[in-house]
Amino acid sequence: MYSIEEKIKQRRQQMLVHSILYYEFDSPIISDKLYDVWARELVQLQKDYPKEARKVILNDVFSDWDGNTGYDIYQNQDKYYDVARALLIFEKRMSKGDFKI
């Protein structure tokens, strides 16, 4: 089970990576519906636990984020591009059956 801070961190990183995949690479690997669910959850967590949210990485990016779009949240977050690329490669290989789980 995640702590509140761990869950906020997870959702923030997911929002960044999936925004890069969607807006920069034009290659979303999750549905818009799932993205919206995660975004609403993050917004609510930050609203319900502002003290904890301020302690978590990327607070400067997400402190006033309302979840409506991710088109600008990944600006100046270069390390997440590498994560997005790796995830996209993995997803493409999975869809071709190159990996078995």
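Predicted model: local features only at pLDDT ≥ 70, side-chain atom pairs only at ≥ 80, totals over all residues.

Entry 1: I started with helix 1, which has 21 residues and reaches 29 Å from its first C-alpha to its last, close to the 30 Å expected at 1.5 Å a residue. Just after helix 1, I noted Asp26 with a positive phi of about 50°.

**Entry 2: burial.** I listed the buried residues of helix 1, among them Lys7, Arg11, Arg12, Leu16, Val17 and Ile20. Which helices do the buried residues of helix 1 pack against? I found helix 2 (32-48), helix 3 (50-55), helix 4 (59-62) and helix 5.

**Entry 3: helix 1 with helix 5.** I looked up the pair formed by residues 4-24 and 79-96: their axes are 9 Å apart, at an angle of about 70°. Helix 1 and helix 5 are therefore roughly perpendicular, and their crossing is right-handed. On the helix 1 side I saw Gln13, Leu16, Val17, His18, Ile20, Leu21 and Glu24, which meet Tyr80, Tyr81, Val83, Ala84, Leu87 and Leu88 of helix 5. I sorted the residues of this contact into 10 nonpolar, 2 polar and 1 charged.

**Entry 4: helix 1 with helix 2.** Here I found axes that come within 10 Å and cross at roughly 140°, which makes helix 1 oblique to helix 2. The crossing of this pair is left-handed. Helix 1 contributes residues including Ile4, Lys7, Met15 and Tyr22, and helix 2 contributes residues including Asp32, Tyr35, Trp38 and Leu45. By class, I noted 9 nonpolar, 4 polar and 5 charged residues in the contact of helix 1 with helix 2.

Conventions. Residues numbered from 1 in each chain as written. Heavy atoms only, no water. Axes fitted to C-alpha atoms, helices over the stretch in contact; angles between N-to-C directions. Helix = DSSP H or I, 4+ residues; strand = E, 2+ residues; numbered from the N terminus. Parallel < 35°, antiparallel > 145°, perpendicular 65-115°, else oblique. Left-handed = near helix turned anticlockwise from the far one by under 90°. Contact = heavy atoms within 4.5 Å. Nonpolar A, V, L, I, M, F, W, Y, C, P; charged D, E, K, R; others polar. Expected span 1.5 Å × (residues − 1). Buried < 20%, exposed > 50% of the residue type's maximum accessible area, 1.4 Å probe, protein only.
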